[in-house]
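User: I would like to go through this model by question and answer. Please end each reply on the value or name I ask for.

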Amino acid sequence: MSLRFETRGSDSSWVDAVWTCRSERVTGMTSVAGVRWGLVFWEQGGRAFAGVTGPGTRAGTAPVPEGARFTGIEFAVGTSLRAVPVPGLVDGGLVLPDTTRRTFRLDGGRWETPGADDAEALVERLVRDGVLVRDPVVAEVLRGARPDVSGRTVERRFRAATGLTRGAVRQIERARTAAELLAAGEPTADVVGKLEYFDEPHLARALRVYVGRTAGQLRDGAGGAIALDLDQRAGQRLTS
(Lines give C-alpha, C1' and ligand atoms only; values in the text may rest on other atoms or scores of the structure.)
Protein backbone atom coordinates (compact mmCIF):
# COMPACT_ATOMS: atom_id res chain seq x y z
CA MET A 1 0.00 0.00 0.00
CA SER A 2 1.46 3.38 -0.92
CA LEU A 3 1.08 6.91 -2.17
CA ARG A 4 3.68 7.35 -4.90
CA PHE A 5 4.66 11.03 -5.01
CA GLU A 6 6.75 13.02 -7.46
CA THR A 7 7.35 16.67 -6.55
CA ARG A 8 9.15 19.50 -8.30
CA GLY A 9 9.77 23.15 -7.57
CA SER A 10 8.63 26.00 -9.78
CA ASP A 11 10.13 29.09 -11.36
CA SER A 12 6.84 30.95 -10.81
CA SER A 13 6.80 33.29 -7.83
CA TRP A 14 3.15 32.29 -7.35
CA VAL A 15 3.85 28.56 -7.01
CA ASP A 16 5.78 26.67 -4.35
CA ALA A 17 5.61 23.17 -5.83
CA VAL A 18 3.87 20.97 -8.37
CA TRP A 19 3.25 17.34 -7.50
CA THR A 20 1.76 14.17 -8.87
CA CYS A 21 0.66 11.13 -6.92
CA ARG A 22 -0.82 7.71 -7.54
CA SER A 23 -2.68 5.80 -4.84
CA GLU A 24 -2.02 2.07 -4.93
CA ARG A 25 -4.14 -0.16 -2.69
CA VAL A 26 -4.53 2.57 -0.10
CA THR A 27 -7.78 4.16 1.08
CA GLY A 28 -6.54 6.38 3.93
CA MET A 29 -3.52 8.42 4.92
CA THR A 30 -2.05 10.61 7.63
CA SER A 31 -2.70 14.21 6.67
CA VAL A 32 0.06 16.62 7.66
CA ALA A 33 -0.15 20.24 8.75
CA GLY A 34 0.81 22.64 5.97
CA VAL A 35 0.88 26.38 5.45
CA ARG A 36 -0.10 26.47 1.76
CA TRP A 37 -3.36 26.13 -0.08
CA GLY A 38 -3.55 24.38 -3.40
CA LEU A 39 -5.46 23.15 -6.40
CA VAL A 40 -5.71 19.39 -6.89
CA PHE A 41 -7.01 17.41 -9.85
CA TRP A 42 -7.63 13.68 -9.86
CA GLU A 43 -9.13 10.87 -11.88
CA GLN A 44 -10.72 7.74 -10.49
CA GLY A 45 -12.77 5.10 -12.24
CA GLY A 46 -12.94 7.13 -15.43
CA ARG A 47 -14.28 10.23 -13.68
CA ALA A 48 -12.49 13.56 -13.19
CA PHE A 49 -12.52 15.75 -10.10
CA ALA A 50 -10.99 19.05 -8.97
CA GLY A 51 -10.75 20.76 -5.61
CA VAL A 52 -9.18 23.49 -3.53
CA THR A 53 -7.19 22.36 -0.50
CA GLY A 54 -6.59 24.66 2.45
CA PRO A 55 -3.76 25.07 4.94
CA GLY A 56 -3.84 22.59 7.80
CA THR A 57 -3.00 23.36 11.43
CA ARG A 58 -2.45 19.80 12.71
CA ALA A 59 -2.00 16.20 11.60
CA GLY A 60 -4.97 13.90 11.24
CA THR A 61 -6.35 11.14 9.04
CA ALA A 62 -7.98 11.54 5.65
CA PRO A 63 -9.58 9.22 3.09
CA VAL A 64 -7.80 8.58 -0.20
CA PRO A 65 -9.62 7.64 -3.41
CA GLU A 66 -8.27 4.17 -4.22
CA GLY A 67 -6.56 3.72 -7.57
CA ALA A 68 -6.59 7.45 -8.32
CA ARG A 69 -4.08 9.67 -10.12
CA PHE A 70 -3.53 13.19 -8.79
CA THR A 71 -1.91 16.41 -10.00
CA GLY A 72 -1.54 19.22 -7.49
CA ILE A 73 -0.31 22.81 -7.37
CA GLU A 74 0.86 24.23 -4.02
CA PHE A 75 0.75 28.01 -4.06
CA ALA A 76 3.29 30.29 -2.44
CA VAL A 77 2.43 31.59 1.01
CA GLY A 78 0.57 34.89 0.68
CA THR A 79 -1.09 33.97 -2.61
CA SER A 80 -4.86 33.63 -2.51
CA LEU A 81 -7.96 33.20 -4.63
CA ARG A 82 -10.03 36.32 -5.28
CA ALA A 83 -13.30 34.44 -4.74
CA VAL A 84 -12.29 32.15 -1.86
CA PRO A 85 -10.41 33.80 1.05
CA VAL A 86 -7.74 31.49 2.46
CA PRO A 87 -8.95 31.77 6.11
CA GLY A 88 -12.13 30.02 5.04
CA LEU A 89 -10.09 27.08 3.72
CA VAL A 90 -8.03 26.40 6.86
CA ASP A 91 -8.37 22.75 7.94
CA GLY A 92 -10.71 22.16 5.03
CA GLY A 93 -11.24 22.75 1.35
CA LEU A 94 -13.87 22.44 -1.31
CA VAL A 95 -14.67 20.31 -4.34
CA LEU A 96 -15.09 22.30 -7.54
CA PRO A 97 -18.27 21.65 -9.53
CA ASP A 98 -18.76 20.60 -13.13
CA THR A 99 -15.30 19.09 -13.67
CA THR A 100 -14.43 17.07 -16.77
CA ARG A 101 -11.18 15.41 -17.84
CA ARG A 102 -10.36 18.49 -19.92
CA THR A 103 -11.76 21.45 -17.97
CA PHE A 104 -12.81 22.66 -14.53
CA ARG A 105 -14.80 25.61 -13.22
CA LEU A 106 -13.35 28.25 -10.87
CA ASP A 107 -14.39 31.82 -10.02
CA GLY A 108 -17.09 31.87 -12.67
CA GLY A 109 -14.77 30.78 -15.49
CA ARG A 110 -13.88 27.50 -17.18
CA TRP A 111 -10.22 26.54 -17.35
CA GLU A 112 -8.21 23.76 -18.95
CA THR A 113 -7.26 21.04 -16.49
CA PRO A 114 -3.46 21.09 -16.24
CA GLY A 115 -0.94 18.31 -16.15
CA ALA A 116 2.25 18.57 -14.13
CA ASP A 117 4.14 20.08 -17.06
CA ASP A 118 1.72 22.92 -17.78
CA ALA A 119 0.67 23.93 -14.27
CA GLU A 120 2.50 27.25 -14.55
CA ALA A 121 0.65 28.08 -17.78
CA LEU A 122 -2.64 27.73 -15.91
CA VAL A 123 -1.32 29.89 -13.07
CA GLU A 124 -0.27 32.61 -15.50
CA ARG A 125 -3.79 32.71 -16.94
CA LEU A 126 -5.34 32.84 -13.45
CA VAL A 127 -3.05 35.73 -12.49
CA ARG A 128 -3.73 37.60 -15.73
CA ASP A 129 -7.48 37.33 -15.19
CA GLY A 130 -7.26 38.42 -11.54
CA VAL A 131 -8.39 35.06 -10.14
CA LEU A 132 -5.13 34.79 -8.17
CA VAL A 133 -4.08 37.73 -6.01
CA ARG A 134 -1.58 38.54 -3.26
CA ASP A 135 -1.13 41.23 -0.64
CA PRO A 136 2.03 43.32 -1.36
CA VAL A 137 2.61 43.87 2.38
CA VAL A 138 2.65 40.11 3.00
CA ALA A 139 4.96 39.63 0.02
CA GLU A 140 7.38 42.17 1.52
CA VAL A 141 7.33 40.41 4.89
CA LEU A 142 8.04 37.03 3.29
CA ARG A 143 11.03 38.57 1.47
CA GLY A 144 12.40 39.71 4.83
CA ALA A 145 11.58 43.39 4.32
CA ARG A 146 9.95 45.69 6.88
CA PRO A 147 6.84 47.34 5.42
CA ASP A 148 6.04 50.88 6.51
CA VAL A 149 3.02 49.81 8.56
CA SER A 150 2.52 48.81 12.19
CA GLY A 151 3.27 45.32 13.45
CA ARG A 152 -0.41 44.87 14.26
CA THR A 153 -1.34 45.74 10.69
CA VAL A 154 1.23 43.31 9.31
CA GLU A 155 -0.10 40.51 11.51
CA ARG A 156 -3.70 41.25 10.55
CA ARG A 157 -2.93 41.29 6.84
CA PHE A 158 -0.71 38.21 7.11
CA ARG A 159 -3.52 36.29 8.77
CA ALA A 160 -6.05 37.51 6.21
CA ALA A 161 -3.81 36.41 3.33
CA THR A 162 -2.67 33.06 4.74
CA GLY A 163 -5.28 32.04 7.32
CA LEU A 164 -2.45 31.60 9.84
CA THR A 165 -0.28 33.67 12.15
CA ARG A 166 3.39 34.09 11.34
CA GLY A 167 4.21 32.05 14.44
CA ALA A 168 2.04 29.16 13.27
CA VAL A 169 3.70 29.24 9.85
CA ARG A 170 7.15 28.99 11.45
CA GLN A 171 6.14 26.10 13.73
CA ILE A 172 4.51 24.07 10.97
CA GLU A 173 7.35 24.61 8.50
CA ARG A 174 9.91 23.66 11.15
CA ALA A 175 8.10 20.41 11.96
CA ARG A 176 7.85 19.47 8.29
CA THR A 177 11.56 20.14 7.83
CA ALA A 178 12.29 17.98 10.89
CA ALA A 179 10.26 15.16 9.33
CA GLU A 180 12.27 15.40 6.11
CA LEU A 181 15.58 15.35 7.99
CA LEU A 182 14.59 12.37 10.11
CA ALA A 183 13.32 10.47 7.06
CA ALA A 184 16.72 11.12 5.47
CA GLY A 185 18.38 9.41 8.45
CA GLU A 186 19.63 12.36 10.49
CA PRO A 187 19.93 11.60 14.23
CA THR A 188 17.22 13.09 16.41
CA ALA A 189 19.72 15.05 18.51
CA ASP A 190 21.16 16.66 15.37
CA VAL A 191 17.69 17.67 14.19
CA VAL A 192 16.95 19.22 17.59
CA GLY A 193 20.10 21.31 17.37
CA LYS A 194 19.81 22.24 13.71
CA LEU A 195 16.21 23.43 14.01
CA GLU A 196 16.64 24.94 17.50
CA TYR A 197 14.10 22.85 19.36
CA PHE A 198 14.44 23.16 23.14
CA ASP A 199 14.98 19.40 23.54
CA GLU A 200 13.91 16.03 22.11
CA PRO A 201 10.53 15.98 23.92
CA HIS A 202 9.65 19.33 22.32
CA LEU A 203 10.54 17.92 18.90
CA ALA A 204 8.50 14.79 19.63
CA ARG A 205 5.47 16.90 20.53
CA ALA A 206 5.79 18.99 17.35
CA LEU A 207 6.02 15.85 15.23
CA ARG A 208 2.96 14.37 16.93
CA VAL A 209 0.87 17.53 16.50
CA TYR A 210 1.92 18.59 13.00
CA VAL A 211 3.16 15.41 11.28
CA GLY A 212 1.42 12.57 13.07
CA ARG A 213 4.58 10.48 13.31
CA THR A 214 7.32 9.73 15.81
CA ALA A 215 10.97 10.22 14.95
CA GLY A 216 11.40 6.44 14.86
CA GLN A 217 8.51 5.99 12.44
CA LEU A 218 9.94 8.63 10.13
CA ARG A 219 13.36 6.99 10.13
CA ASP A 220 11.87 3.53 9.51
CA GLY A 221 9.25 4.60 6.99
CA ALA A 222 6.59 3.14 9.28
CA GLY A 223 3.05 4.24 10.08
CA GLY A 224 1.36 3.80 6.71
CA ALA A 225 0.60 6.27 3.95
CA ILE A 226 1.37 9.91 4.65
CA ALA A 227 0.75 13.13 2.71
CA LEU A 228 4.44 14.03 2.46
CA ASP A 229 6.92 13.21 -0.29
CA LEU A 230 9.42 11.90 2.26
CA ASP A 231 11.02 9.36 -0.08
CA GLN A 232 12.01 12.03 -2.58
CA ARG A 233 13.12 14.56 0.05
CA ALA A 234 15.18 11.86 1.80
CA GLY A 235 16.82 10.90 -1.47
CA GLN A 236 17.64 14.53 -2.26
CA ARG A 237 19.33 15.01 1.13
CA LEU A 238 21.26 11.73 0.98
CA THR A 239 22.68 12.52 -2.46
CA SER A 240 23.37 16.23 -1.88
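User: How many aromatic pairs does the count come to?

Analyst: The model is predicted, and side-chain atom pairs count only at pLDDT 80 or more. Rings pair if their centres lie within 6.5 Å. By this rule the count of aromatic pairs comes to five.

User: Is the pair of phenylalanine 5 and tryptophan 19 stacked or tilted?

Analyst: Phenylalanine 5 is in strand 1 (residues 2–8) and tryptophan 19 in strand 2 (residues 15–24), so that the pair links parts of the chain 14 residues apart. Tryptophan 19 counts as buried, at 17% relative accessibility. The ring centres are 5.9 Å apart and the planes stand at 55 degrees, so the pair is tilted.

User: How are the rings of tryptophan 42 and phenylalanine 49 arranged?

Analyst: Tryptophan 42 is buried, with a relative accessible area of 16%. Ring pairs link Trp42, Phe49 and Phe70 into a cluster. Planes under 30 degrees apart count as stacked. For tryptophan 42 and phenylalanine 49 the centres are 5.4 Å apart and the planes are at 15 degrees, so the pair is stacked.

User: Over how many bridges do strand 4 and strand 5 pair?

Analyst: Strand 4 (residues 38–44) is mostly covered, with five of its seven residues buried. Strand 4 and strand 5 form a hairpin with two residues between them, and glycine 45 in the turn has a positive phi of about 55 degrees. Leucine 39 has valine 52 in strand 5 as its bridge partner. The sense of the pairing is antiparallel, and the number of bridges is seven.

User: Which residue in strand 7 is the bridge partner of phenylalanine 41?

Analyst: Strand 4 also pairs with strand 7 (residues 69–75), in the antiparallel sense and over six bridges. Within strand 7, the partner of phenylalanine 41 is threonine 71.

User: What distance does helix 4 reach from its first C-alpha to its last?

Analyst: The buried residues of helix 4 include Ile172, Arg176 and Glu180. Tyrosine 210 touches Ile172, along with Val32, Thr57 and Ala175 among others. Just after helix 4, glycine 185 takes a positive phi of about 100 degrees. Helix 4 has 18 residues, and its reach is close to the expected span, at 26 Å.

User: Is arginine 213 buried or exposed?

Analyst: Arginine 213 lies in the loop between helix 6 and helix 7. Beyond its neighbours within four places in sequence, its contacts include Leu207, Leu218 and Ile226. Buried means under 20% relative accessible area. Arginine 213 has a relative accessibility of 6%, so it counts as buried.

User: Which side chain makes a polar contact with the side chain of arginine 213?

Analyst: A polar atom of the arginine 213 side chain lies 2.8 Å from the backbone oxygen of glycine 224. The side-chain partner is also among the residues in contact with arginine 213. This polar contact is at 2.8 Å, with the side chain of threonine 30.

User: What is the relative accessible area of alanine 62?

Analyst: Alanine 62 is found in strand 6 (residues 60–63). Leaving aside neighbours within four places in sequence, alanine 62 is in contact with Thr27, Gly28, Met29 and Ser31. Its C-alpha is 9.6 Å from that of isoleucine 226, 164 residues apart in sequence. Alanine 62 is partly exposed, with a relative accessible area of 22%.

User: Where is arginine 25 placed?

Analyst: Arginine 25 is not a glycine, yet has a positive phi of about 55 degrees. Arginine 25 is exposed, with a relative accessible area of 60%. Its place is in the loop between strand 2 and strand 3 (28–31).

User: Is aspartate 91 buried or exposed?

Analyst: Aspartate 91 lies in the loop between strand 8 (79–81) and strand 9 (93–95). Although not a glycine, aspartate 91 has a positive phi of about 60 degrees. Its relative accessibility is 51%, so aspartate 91 counts as exposed.

How values were computed: Residues numbered from 1 in each chain as written. Predicted model: local features only at pLDDT ≥ 70, side-chain atom pairs only at ≥ 80, totals over all residues. Heavy atoms only, no water. Contact = heavy atoms within 4.5 Å. Buried < 20%, exposed > 50% of the residue type's maximum accessible area, 1.4 Å probe, protein only. Helix = DSSP H or I, 4+ residues; strand = E, 2+ residues; numbered from the N terminus. Pairing = 2+ DSSP bridges. Expected span 1.5 Å × (residues − 1). Polar contact = N/O pair within 3.5 Å; in protein donor to acceptor, adjacent residues only side chain to side chain. Phe/Tyr/Trp six-rings, centres within 6.5 Å; stacked < 30°, edge-to-face > 60°.
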